[in-house]
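Subject: Handover of a structure for your review

Dear colleague,

Please find below the structure that I am handing over to you.

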Amino acid sequence: MLPDAARLLLCPVCRNSLTFRGDRLACPEGHSFDAARQGYFNLLVGKGTVFEADTAAMVAARFDFLSSGHYRPLADAVAELAAAALRGADAAVLDAGTGTGHYLNALLAVAPASAIGLDISKFALRRAARMNPDAVNLVSDVWQPLPVADAAVDVVTVVFAPRNAAEFARVLRPGGRLIVVTPRSGHLAEIAGQTGMLGIEPAKEERLAASLAGHFAQRSTRELDLDLGLEPADVGNLALMGPAGHHLDPAALDAIIAALPPLTQVSARFRISVFEPLEQPPA
Ligand SMILES: C[S@@+](CC[C@H](N)C(=O)[O-])C[C@H]1O[C@@H](n2cnc3c(N)ncnc32)[C@H](O)[C@@H]1O
Ligand SMILES: [Zn+2]
């Protein structure tokens with residue numbers, strides 16, 4: 001049995017600690033949050049986000065693509081870096097923008113830890129809750145104060161998801177690690193134009209470091225390139241699972257997929273960057 005991550009959670013309304021009451025999460029002020037049928041908790045309060053959450057179809061495409069194992073070396077590399085930063089019997093990790101939970105799953109397979117998976121999309125959380133039943137999976141907006149205590153986790157992982165530097169620094173323990181995966185220039189270039197994917201904006205290394213400056217210092221960076229031989233269905237899933245999935249015309253995409261050869265060679269280019277929180281001046 002993995003340690004329980006609920007001890008690390010704060011009520012999104014009053015910021016008191018949350019604990020399990022039966023299968024609900026509740027705080028001493030009486031705010032309480034039921035588990036959805038699939039096991040995740042919706043901690044979104046107020047207006048929520050102005051961002052467009054991934055749809056059920058986009059999440060299904062992501063699930064199918066990641067289950068095919070093409071990105072497994074990336075998941076293994078992130079898991080290895082994260083495992084090295086987990087400390088002691090109460091080791092804890094937050095996967096921000098957890099999506100279908102595949103990356104958190106790969107980490108928990110090599111390093112048991114209290115785990116929080118957080119995403120704005122309830123469709124993603126349905127999958128993540130099934131993928132990682134021992135984690136606490138939360139619908140929450142990364143741009144709001146996170147429902148996580150100060151200095152609660154050893155590692156924050158962010159794989160192709162938004163980064164709230166101040167909040168990630170707050171929830172990390174001193175000496176903890178923020179592990180960020182971003183695409184590099186040329187990522188999926190062979191199919192990007194063809195499938196109508198929005199131009200993947202390569203997150204320039206300097207821009208990533210600049211967006212975290214003031215809260216984090218960069219510790220290391222690693223480039224990972226994968227040469228993939230993709231079947232037409234894989235190409236379709238890749239096109240649908242990204243930001244372009246909000247806008248793609250399914251009939252047009254089907255026509256493009258139908259015309260593809262049995263295997264398309266595609267290069268995936270990732271950067272894995274590791275950051276350490278700076279000591280914050282006392283408030
Ligand atoms: C490109 S997906 C990556 C998902 C997962 N990390 C992966 O690589 O498979 C980006 C994820 O960030 C989530 N996301 C976008 N905006 C968010 C926000 N404001 N707060 C929390 N999650 C957000 C999306 O719902 C989506 O699951
Ligand atoms: Zn409360």
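What is the geometry of the site of the zinc ion (ligand 2), given the angles among its four donor atoms? The site is tetrahedral, with angles of 101 to 115° among those donors. Please bear in mind throughout that this is a predicted model.

The zinc site

Four residues coordinate the zinc ion (ligand 2): Cys 11, Cys 14 and Cys 27 through their SG atoms, and His 31 through ND1, at 2.1 to 2.3 Å. Along the sequence, these donor residues follow the spacing C-x2-C-x12-C-x3-H. Two of them, Cys 14 and His 31, are 17 residues apart and link distant parts of the chain. Cys 14 belongs to the segment before strand S1 (19-21), whereas His 31 sits in the loop between strand S2 (24-26) and strand S3 (32-33).

Cys 11 counts as buried because its relative accessibility is 0%, under the 20% cut-off. Cys 27 is likewise buried, with a relative accessible area of 0%. Cys 14, at 25% relative accessibility, falls between the cut-offs of 20% and 50% and therefore counts as partly exposed. His 31 is partly exposed too, with a relative accessible area of 24%. As for pairing between cysteines, the structure holds zero disulfides.

The second largest pocket

The second largest pocket has a volume of about 240 Å³. Its lining is made up of Asp 150, Ala 151, Ala 169, Arg 170, Leu 172, Arg 173, Pro 174, Pro 277, Leu 278, Glu 279 and Gln 280. Helix H5 (165-171) and strand S9 (172-183) each contribute at least two residues to this lining. The largest share, three residues, comes from S9. Sorted by class, the lining of this pocket consists of six nonpolar, one polar and four charged residues.

Ala 151 is located in the loop between S7 and S8, and its relative accessible area of 38% makes it partly exposed.

The cavity

How many cavities of 30 Å³ or more are there? The count comes to one, and the volume of the largest cavity is about 40 Å³. The residues that line the largest cavity are Val 78, Ala 79, Ala 82, Asp 95, Tyr 103, Leu 104, Leu 107, Thr 157 and Val 159. Helix H2 (72-85), helix H3 (102-110) and strand S8 (153-159) are the elements that give two or more residues to this lining. By class, the lining of the largest cavity divides into seven nonpolar residues, one polar and one charged.

Helix H2 also contains Arg 72. Arg 72 is partly exposed, at a relative accessible area of 39%. Between the C-alpha atoms of Arg 72 and Ile 120 the separation is 24 Å, and the two residues are 48 residues apart along the chain.

A further positive phi

Phe 160 has a phi near 50°, again a positive value in a residue other than glycine. Phe 160 lies in the loop between S8 and H5. With a relative accessible area of 35%, Phe 160 is partly exposed.

The loop between H4 and S7

Two residues of this loop deserve mention. Ala 135 is placed in the loop between helix H4 (122-131) and strand S7 (136-139), and Pro 133 is found in the loop between H4 and S7 as well. Which of the two classes, buried or exposed, applies to Ala 135? Ala 135 is buried, since its relative accessible area of 10% is under 20%. Pro 133, by contrast, counts as exposed because its relative accessibility of 60% is over 50%.

Each of these residues can also be related to a residue elsewhere in the sequence. For Pro 133 and Gly 245, the C-alpha to C-alpha distance is 27 Å, and they are 112 residues apart in sequence.

With kind regards

Conventions. Residues are numbered from 1 along each chain as its sequence is written. Chains are lettered from A and ligands numbered from 1 in the order in which they are written. This is a predicted model: local features need pLDDT of at least 70, side-chain atom pairs count only at pLDDT 80 or more; totals for chains, interfaces and linings use all residues. Side-chain values use heavy atoms; hydrogens and water are left out. Donors are N, O and S atoms within 2.8 Å of the metal (3.2 Å for Na, K and Ca); water is not among the atoms, so sites may look incomplete. Four donors count as tetrahedral if all angles lie between 85 and 135 degrees; four count as square planar and six as octahedral if opposite donors are over 155 degrees apart and all others between 65 and 115; anything else is irregular. Helices (H or I, at least four residues) and strands (E, at least two) are DSSP runs, numbered from the N terminus. Buried means under 20% relative accessible area, exposed over 50%, partly exposed in between (1.4 Å probe, protein chains only). On a 1 Å grid over the protein atoms alone, a cavity is a set of points where a 1.4 Å probe fits but cannot get out, and a pocket is an open set with protein on both sides within 12 Å along at least five of seven lines; lining residues have an atom within 4 Å of a point. Grid points are joined across faces, edges and corners, and a volume is the space filled by probe spheres set on the points. Ala, Val, Leu, Ile, Met, Phe, Trp, Tyr, Cys and Pro count as nonpolar, Asp, Glu, Lys and Arg as charged, and the others, Gly among them, as polar. A disulfide is a pair of cysteine sulfur atoms within 2.5 Å.
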